[in-house]
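This report looks at charged side-chain pairs and at one hairpin, working from the sequence and the structure displayed below.

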Amino acid sequence: ETIRIEVLSFCLTESRIASDDTIQLLFVEYSLYNCFVEETPLSLPKPTSGQRIHYHYSNVIHVDKANNRARREYLKSMLLKPDLHTDSLRFTVISEPLAVEHDLECEEIGFANVSLREIFQKQRDIIEQDIDVFDAEDDSAVIGKLKVTVEALHALHSVYEEWKDD
């Protein structure tokens, strides 16, 4: 009873981010509403436009009945209430300043979403798929592609079956 999330790689398109020299190191954070927040353990040097940086980071989020009731309840409410706008796993690309730049702080530069409800409706996990990363300052501009895997279908089915049986 798990959701497996992989952050595989990231590439930039021609954008303000690609040409911003203050942005040097990047890491990726992902979260599901207020259930959990995780991040890649490494910050990698910003790729040149068209190049990929590879995180190869994988994590498992447990959603079993015994130990993770709150996460399960959240997934159940998300499947039951289609008007809930919090059904997405949010990936945030964050710029981390170099150690020598003491006056700068981490800054969100872009975000991407994967809808868990859509995974359930289409009956298909997302496997090594590029998703658009939108500019944090202009959500109509795509700044890059994040290659991710989100395996949640089995866990969502389990939550759905449990709810149906109640």
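## A pair at the start of the chain

Arg72 and Glu1 form a salt bridge in which the closest N and O atoms are 2.5 Å apart, a salt bridge being a side-chain nitrogen of Lys or Arg within 4 Å of a carboxyl oxygen of Asp or Glu. The pair links distant parts of the chain, since Arg72 belongs to helix 2 (residues 69–80) and Glu1 to the segment before strand 1 (2–12), 71 residues apart. Helices (H or I, at least four residues) and strands (E, at least two) are DSSP runs, numbered from the N terminus.

Arg72 is buried, with a relative accessible area of 2%, whereas Glu1 is partly exposed, with a relative accessible area of 38%. Here buried means under 20% relative accessible area, exposed over 50%, and partly exposed in between, with a 1.4 Å probe and protein chains only. Both residues also belong to a network of salt bridges that links Glu1, Arg69, Arg72, Glu73, Lys76 and Glu162.

## Basis of the model

The model is predicted, and local features need pLDDT of at least 70, side-chain atom pairs count only at pLDDT 80 or more, and totals for chains, interfaces and linings use all residues. Residues are numbered from 1 along each chain as its sequence is written, and side-chain values use heavy atoms, with hydrogens and water left out.

## Salt bridges involving strand 8

A search of the whole structure finds 13 salt bridges. One of them joins Arg52 to Asp130, with the closest N and O atoms 2.7 Å apart; because Arg52 lies in strand 5 (residues 52–62) and Asp130 in strand 8 (residues 126–135), this pair ties together parts that are 78 residues apart in sequence. Arg52 is partly exposed at a relative accessible area of 28%, and Asp130 is partly exposed at 32%.

Another salt bridge is formed by Lys145 and Asp132, whose closest N and O atoms are 2.3 Å apart. This pair links Lys145 in strand 9 (residues 142–151) with Asp132 in strand 8, 13 residues apart. Lys145 counts as partly exposed at 30% relative accessibility, and Asp132 is partly exposed with a relative accessible area of 29%.

The hairpin has 3 residues between the strands, and in it Tyr33 takes a positive phi near 40°.

Terms used:
Two strands pair if DSSP finds at least two bridges between them.
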